[in-house]
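Hi,

Here is the structure I promised to pass on. Have a look at it first, and then read my notes below.

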Amino acid sequence: MIGFKLWPGRLSTSEQTSLVAEVLAAVEHAPWVQPVTPGGKPFSVQQTSLGPLGWVSDRGGYRYQATHPETGRPWPPMPARLIDLWTELTGWAQPPDACLLNLYRGPAKMGLHQDRDEGDLDAPVLSISLGDTAVFRIGPAEGGRTTSVRLASGDVCALTGPTRLARHGVDRVLAGSSSLVPGGGRLNLTLRRAA
Ligand code: SIN
Ligand code: FE2
């Protein structure tokens, strides 16, 4: 798909290990949340965020907000290396102001959706995969045929330009395909321009 960019193995094993450690240390101050849809259905992933804004879903709807929904505290800062990676790979002039963390354990998956809660729908979304391989699905915004792409640990991809509003999701995660994430599973980071 035009505008879907994939950098397989962009992060080395040592970069992946130190990034997971940095993110999990930050999560000590912004614990994982089991979100629910506005209709009250629980997500199978756990989520939290880093940076000035974080994405939240609850009975009040989908939105970005400046504080963690349970602690009420600001989200932990965005690691500098994530801002650098965004600038290098996307070339976007403004830095990301939100990094959503999705933790997939066991049968967790994510249904097809569009990312459209951001204030700037022209700015890319940059996704970093860590841990177990995801069976990722992507298709046109308008609907129609989707394709399956495997995202392994260290892979980075972006939704840009004509693919910015692509429908995408995670069909499943291949348990045990990586031992990177303590306790197992997959950690996905998505960098966005939310404001
Ligand atoms: C997302 O769409 O927010 C996450 C996608 C992924 O986990 O790869
Ligand atoms: Fe998404």
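Before the notes, one term: two strands count as paired if DSSP finds at least two bridges between them. Keep in mind too that this is a predicted model.

With that term in hand, take strand 8 (residues 134-139) and strand 9, which are joined by 5 bridges and run antiparallel. One spot to look for there is arginine 137, which stands opposite serine 148 in strand 9. Both strands belong to an open sheet of 4 strands, in the order 6-11-8-9, with antiparallel pairing. At the edges sit strand 6 and strand 9 (147-151), each of which pairs on one side only. On average, neighbouring strands of this sheet are turned by 25° against each other, if you ignore direction.

Now for the metal. Which residues coordinate the iron ion (ligand 2)? They are His113 (through NE2), Asp115 (through OD) and His168 (through NE2), at 2.1 to 2.2 Å. Along the sequence, these donor residues follow the spacing H-x1-D-x52-H. Aspartate 115 is in the loop between strand 6 (110-113) and strand 7 (125-131), while histidine 168 is in strand 11 (residues 167-173), so the pair ties together parts that are 53 residues apart in sequence.

Why is the arrangement around the iron ion (ligand 2) irregular? The 4 donor atoms subtend angles of 91 to 171°.

Are aspartate 115 and histidine 168 buried or exposed? Buried means under 20% relative accessible area. Aspartate 115 has 7% relative accessibility, so it counts as buried. Histidine 168 also comes out as buried, because its relative accessibility is 7%.

Next, the largest pocket, which holds about 730 Å³ of space. It is lined by 38 residues, and the closest to its centre are Phe43, Met110, Gly111, His113 and His168. Among the elements that give two or more residues to the lining are strand 5 (98-104), strand 10 (156-159) and strand 12 (186-192).

Last, a hairpin: strand 3 and strand 4 form one, with 2 residues between them. The two run antiparallel and are joined by 5 bridges, with strand 4 covering residues 61-65. Glycine 54 has glutamine 65 in strand 4 as its bridge partner. Strand 3 (residues 54-58) is mostly covered, with 4 of its 5 residues buried.

Cheers

How values were computed. Residues numbered from 1 in each chain as written. Chains lettered and ligands numbered in written order. Predicted model: local features only at pLDDT ≥ 70, side-chain atom pairs only at ≥ 80, totals over all residues. Heavy atoms only, no water. Donors = N, O, S within 2.8 Å, 3.2 Å for Na, K, Ca; no water. Tetrahedral: all angles 85-135°; square planar, octahedral: opposite > 155°, others 65-115°. Buried < 20%, exposed > 50% of the residue type's maximum accessible area, 1.4 Å probe, protein only. Axes fitted to C-alpha atoms, helices over the stretch in contact; angles between N-to-C directions. 1 Å grid on protein atoms, 1.4 Å probe; cavity = no way out; pocket = protein on both sides within 12 Å on 5 of 7 lines; lining within 4 Å. Points joined across faces, edges and corners; volume = space filled by probe spheres on them.
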